[in-house]
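User: I would like to learn how to read a protein structure feature by feature, with the general idea given before each case.

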Amino acid sequence: MDVTGAFKLPVIFLADNPGAVPVGVVLTTPLTESSYCKELIILAELNPVPLACRFAFSPLSGTTEIAVRLRLAQTQTLHALADRKSVV
């Protein structure tokens, strides 16, 4: 399955408050009972603990979209990972 362009990450580039940086992740691929996102993980690579948050989903979730505020140690790159369940 091609998932090119499957993520949208609406993030501001310069936050007013590094203690509460708004971050959103949207998985744009279609969801079905046999193909859905089981888990979304956000990593902040320069934080002392890089695992910023993780969310679990089911086929009944209807959408794979999250919005959180993260505390970031400094200006850094964020990574979003999706664990997808896909039955062929």
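The dialogue below goes from the overall layout to strands, core and single residues.

Analyst: A word on the basis comes before the features. This is a predicted model, in which local features need pLDDT of at least 70 and side-chain atom pairs count only at pLDDT 80 or more, while totals for chains, interfaces and linings use all residues. Residues are numbered from 1 along each chain as its sequence is written, and side-chain values use heavy atoms, with hydrogens and water left out.

User: How many helices and strands are in the protein?

Analyst: Helices (H or I, at least four residues) and strands (E, at least two) are taken as DSSP runs and numbered from the N terminus. In this protein there are six strands and zero helices, and the pattern read along the sequence is β-β-β-β-β-β. The C-alpha trace spans about 45 × 25 × 20 Å along its principal axes.

User: Which strands make up the open sheet, and in what order?

Analyst: Strands of a sheet pair through backbone hydrogen bonds, either parallel or antiparallel. Two strands are said to pair if DSSP finds at least two bridges between them. Here an open sheet of three strands runs in the order β1-β2-β5, with antiparallel pairing. Because β1 and β5 stand at the edges with a single partner strand each, one side of each has no neighbour in the sheet. Strand β1, residues 7-8, is joined to β2 over two bridges, and K8 stands opposite V26 of β2. Between β2 and β5 there are six bridges, and one of the facing pairs is V23 with V68 in β5.

User: Which strand is joined to β3 by a hairpin?

Analyst: The partner is β4, which a hairpin of six residues connects to β3. These two strands run antiparallel and are joined by five bridges, with β4 covering residues 51-56. Within this pairing, I41 stands opposite R54 in β4.

User: What share of the residues is buried?

Analyst: Buried means under 20% relative accessible area, exposed means over 50%, and partly exposed lies in between, using a 1.4 Å probe and protein chains only. Of the 88 residues, 30% count as buried. Strand β2 is largely enclosed by the rest of the structure, because five of its seven residues are buried. As for the surface, accessible areas come from the Shrake-Rupley method with a 1.4 Å probe, and for residues only the protein chains shown count as cover. The protein exposes about 5,900 Å², of which carbon and sulfur atoms supply 57%.

User: Which residues touch the most other members of the largest nonpolar core?

Analyst: In soluble globular proteins, nonpolar side chains tend to be buried together. A nonpolar core is a set of buried Ala, Val, Leu, Ile, Met, Phe, Trp, Tyr and Cys residues joined through side-chain atoms within 4.5 Å. The largest one here has 17 residues, and V23, I42 and L70 touch the most other members. At least two residues of this core come from each of β2 (21-27), β3 (35-44), β5 (65-70) and β6 (78-86).

User: What is I42 in contact with, leaving aside its neighbours within four places in sequence?

Analyst: Contact means heavy atoms within 4.5 Å. With those neighbours left aside, the contacts of I42 include V23, V25, P50, L51, I66, V68 and H79. For the protein in general, among contacts between residues at least 6 apart in sequence, 59% join residues at least 24 apart.

User: Is A80 buried or exposed?

Analyst: A80 lies in strand β6 and is buried, with a relative accessible area of 18%. Not counting residues up to four places away in sequence, A80 touches F7, L9, V25 and I41.
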